[in-house]
Amino acid sequence: MLTLVRNSMRMKKLPARYAAIITPLILSVFMSGIVSSVSTLMNAGWDRFAAIWPHAWGASWAIAFPSLMLVLPVVRRIVGAIVEQRA
């Protein structure tokens, strides 16, 4: 019964062709969130964090996502050149 409930609650997965867009999307959300949090805390402190951080994160993400879309293929080639590939 528990297996039936788990299977019915699972989201349908996207096709593999979307991985090239979903990977930088999720990476940019986390990366820009972490970097903007640290930057906001260092510059504004805890007392103003909640008021400033959402805007700082939004601006950071607007730069991070397109940047990753451009840079990630280059990074993959560089990593492929310096890391031995599995057989």
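**View 1. G80 sits in helix α3.** Helices here are DSSP runs of H or I with at least four residues, numbered from the N terminus. The model is predicted: local features need pLDDT of at least 70, side-chain atom pairs count only at pLDDT 80 or more, and totals for chains, interfaces and linings use all residues. Residues are numbered from 1 along each chain as its sequence is written, and side-chain values use heavy atoms, with hydrogens and water left out. G80 is partly exposed, because its relative accessible area is 36%. The classes are buried (under 20% relative accessible area), exposed (over 50%) and partly exposed (in between), with a 1.4 Å probe and protein chains only. Areas come from the Shrake-Rupley method with a 1.4 Å probe; for residues, only the protein chains shown count as cover. I26 belongs to helix α2. At 43% relative accessible area, I26 is partly exposed. From G80 to I26 the sequence separation is 54 residues, and the C-alpha to C-alpha distance is 22 Å.

**View 2. Helix α2 runs from residue 19 to residue 44.** The helix has 26 residues. From first C-alpha to last it reaches 36 Å, close to the expected 38 Å. That expected span is 1.5 Å times one less than the number of residues.

**View 3. Buried residues of α2 include P24, S28, S32 and G33.** S36, S37, T40 and A44 are also buried. Their cover includes α3, residues 46-82. Take S37, a residue of α2. Which residues does S37 touch, leaving aside those up to four places away in sequence? They are F49 and W53. Contact means heavy atoms within 4.5 Å. S37 counts as buried because its relative accessibility is 18%.

**View 4. A nonpolar surface patch covers about 850 Å².** Its members are L25, I26, V29, F30, M31, I34, V35, V38 and M42. Patch residues have over 30% relative accessible area and no salt bridge; like charges are joined within 9 Å, and nonpolar side chains (Val, Leu, Ile, Met, Phe, Trp, Tyr) within 5 Å. A salt bridge is a side-chain nitrogen of Lys or Arg within 4 Å of a carboxyl oxygen of Asp or Glu.

**View 5. Ring pairs link W46, F49, W53, W57, W61 and F65 into a cluster.** Rings of Phe, Tyr and Trp (its six-membered ring) pair if their centres lie within 6.5 Å; planes under 30 degrees apart count as stacked, over 60 as edge-to-face and the rest as tilted. The count comes to 5 aromatic pairs. One of them, W46 with F49, is tilted, at 5.8 Å centre to centre and 55° between the planes. Both residues lie in helix α3, 3 residues apart, about one turn. W46 is exposed at 69% relative accessibility, whereas F49 is buried at 17%. W57 and W61 form a stacked pair, 6.4 Å centre to centre with 25° between the planes. About one helical turn separates W57 and W61, because they are 4 residues apart in α3. An α-helix has 3.6 residues a turn, so residues three or four places apart point the same way. W57 is partly exposed at 27%. W61 is partly exposed too, at 26%.

**View 6. R86 lies in the segment after α3.** R86 counts as exposed, because its relative accessibility is 84%.

Methods
Helix = DSSP H or I, 4+ residues; strand = E, 2+ residues; numbered from the N terminus.
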